[in-house]
Amino acid sequence: MKYLLIILITLCFQFSNAQPDSLFIKEKKVKYVGPQWKQENKGTVDINQVSFTNWNSGGSTSISGLLGLVSSLNYTDKFFNWKNNVNIRYGINKQEARETRKTDDLFEVNSNLGYNPNDGISNWFYSARLNFRTQLTNGFNYPNKKDPISRLLAPGYLFFGGGMEYGKNIDKLSFYFSPITLKATFVLDEDLANAGSFGVTPAVLDSEGNIIVPGDKVRKEVGVLVTNSYEMEIIENINVKNQVSLYSDYVNNFGNVDVDWRIDFDFKVNSFVRATLGSHIRYDDDVKTQVPTEIEGEFDEAGAKVQWKQFLGVGFAVDF
């Protein structure tokens with residue numbers, strides 16, 4: 001709950017420090033220019049490298065890279081606003097005398113459809129949202145590279161629901177509330193499904209460890225979803241984007257909130273070169289941790305823990 005409290009305080013800070021004219025648009029009719037489609041593509045490359053030669057303090061030579069691609073296709077007309085994007089990221093790290101390791105892996109699809117019955121006068125929209133995300137390659141608990149802890153579509157997450165959204169006419173601010181949102185968790189790998197990974201029902205075993213009933217490969221939930229995104233320029237060439245998602249299932253432990261909170265700073269050097277600093281926090285009660293037992297190679301399930309990822313990189317960005 002302390003992480004939820006921190007998020008709520010952050011949201012209040014955003015609204016309290018925003019300029020009134022940036023949050024609310026006077027209700028006046030904007031001249032209609034007809035239906036419009038807009039496509040944007042952005043590719044990024046971030047590289048971090050450190051090298052040592054006869055360095056008396058010691059150290060390990062390493063290099064890491066992160067590739068990113070964001071493609072969006074958006075539609076607007078007198079009543080509708082439809083935003084679609086695909087986000088792909090993949091990062092690796094190679095350190096001296098150590099195997100290559102994955103540092104980031106994401107495939108995400110978003111589609112948001114908003115309807116404004118007031119001919120664009122109001123900033124409130126009836127809205128429907130779809131979000132799907134998974135990863136592209138196997139994930140491991142390094143240095144163990146024999147037993148994957150995640151795979152393509154294991155897990156995969158699908159959110160779909162409808163509600164109300166404020167801020168579609170304000171590009172930098174969005175607040176969305178959905179009282180009915182379906183969350184589906186896919187674990188399409190047989191071994192991970194049988195183990196009950198990511199909250200699916202595990203396999204039923206007999207006394208000798210043989211599978212009687214295979215584990216479920218899909219877990220379905222229905223709950224409430226609240227999201228907020230806010231983007232601003234702190235000073236010239238330094239932008240920050242905050243994205244928060246809060247979800248609670250009505251049936252299983254209502255009030256237990258799944259948190260997805262990301263803050264990204266973008267430091268622009270010129271049209272191509274930029275630096276990024278990001279923090280990503282997740283908490284999902286269905287994703288349990290494991291602790292080793294006295295028997296080598298065997299683990300016991302432990303409770304869910306806060307997941308945190310931090311990134312700092314310098315690289316290139318190209319719009320096309």
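**Notes on a predicted chain**

1. To get your bearings: the protein chain has 3 helices and 16 strands. Both are DSSP runs numbered from the N terminus, helices being H or I with at least four residues and strands E with at least two. Keep in mind that this is a predicted model, where local features need pLDDT of at least 70 and side-chain atom pairs count only at pLDDT 80 or more, while totals for chains, interfaces and linings use all residues. Residues are numbered from 1 along each chain as its sequence is written, and side-chain values use heavy atoms, with hydrogens and water left out.

2. How confident is the predictor? The mean pLDDT (the predictor's confidence in each residue, from 0 to 100) is 85 for the protein chain, and 84% of the residues score at least 70. Strand S6 has the highest confidence, at 96, and helix H2 (residues 20–23) the lowest, with a mean of 41. The pLDDT is below 50 over residues 1–9, a stretch with 8 contacts beyond near neighbours in sequence in the model. Residues 11–30 are also below 50, with 25 such contacts. Contact here means heavy atoms within 4.5 Å.

3. On the overall build, 36% of the 320 residues in the protein chain are buried. For these labels, buried is under 20% relative accessible area, exposed is over 50%, and partly exposed is in between (1.4 Å probe, protein chains only). Of the contacts between residues at least 6 apart in sequence, 56% join residues at least 24 apart.

4. Next, the core. A nonpolar core is a set of buried Ala, Val, Leu, Ile, Met, Phe, Trp, Tyr and Cys residues joined through side-chain atoms within 4.5 Å. The largest one here has 12 residues, among them Tyr157, Phe159, Tyr176, Val187, Leu192 and Ala193. Strand S6 (156–166) and helix H3 (190–194) are the elements that give two or more residues to this core. A second, separate core of 6 residues includes Val244, Val259, Trp261 and Ile281. As background, in soluble globular proteins nonpolar side chains tend to be buried together.

5. Ser197 is worth a look: you'll find it in the loop between H3 and strand S8 (204–205). Is Ser197 buried or exposed? Its relative accessible area is 17%, so Ser197 is buried. Leaving aside neighbours within four places in sequence, Ser197 touches Val187 and Leu192, both members of the largest nonpolar core.

6. Gly162 sits in strand S6 and is partly exposed, at 30% relative accessible area. Beyond neighbours within four places in sequence, the contacts of Gly162 include Ser127, Ala128 and Tyr176. Its C-alpha atom is 6.7 Å from that of Thr181, 19 residues away along the chain.

7. For the rings, the structure holds 9 aromatic pairs. Rings of Phe, Tyr and Trp (its six-membered ring) pair if their centres lie within 6.5 Å, with planes under 30 degrees apart counted as stacked, over 60 as edge-to-face and the rest as tilted. Why is the pair of Phe265 and Phe267 stacked? Their ring centres are 6.5 Å apart and their planes are at 20°, so the pair is stacked. Phe265 is partly exposed at 27%, and Phe267 is partly exposed at 29%. Elsewhere, Trp37, Tyr75 and Trp82 form one aromatic cluster.

8. Finally, charges over rings, meaning NZ of Lys or CZ of Arg within 6 Å of the ring centre and within 35 degrees of the ring normal. Arg129 lies over the face of Tyr176, at 4.4 Å from the ring centre. Lys145 lies over the face of Phe140, at 5.9 Å.
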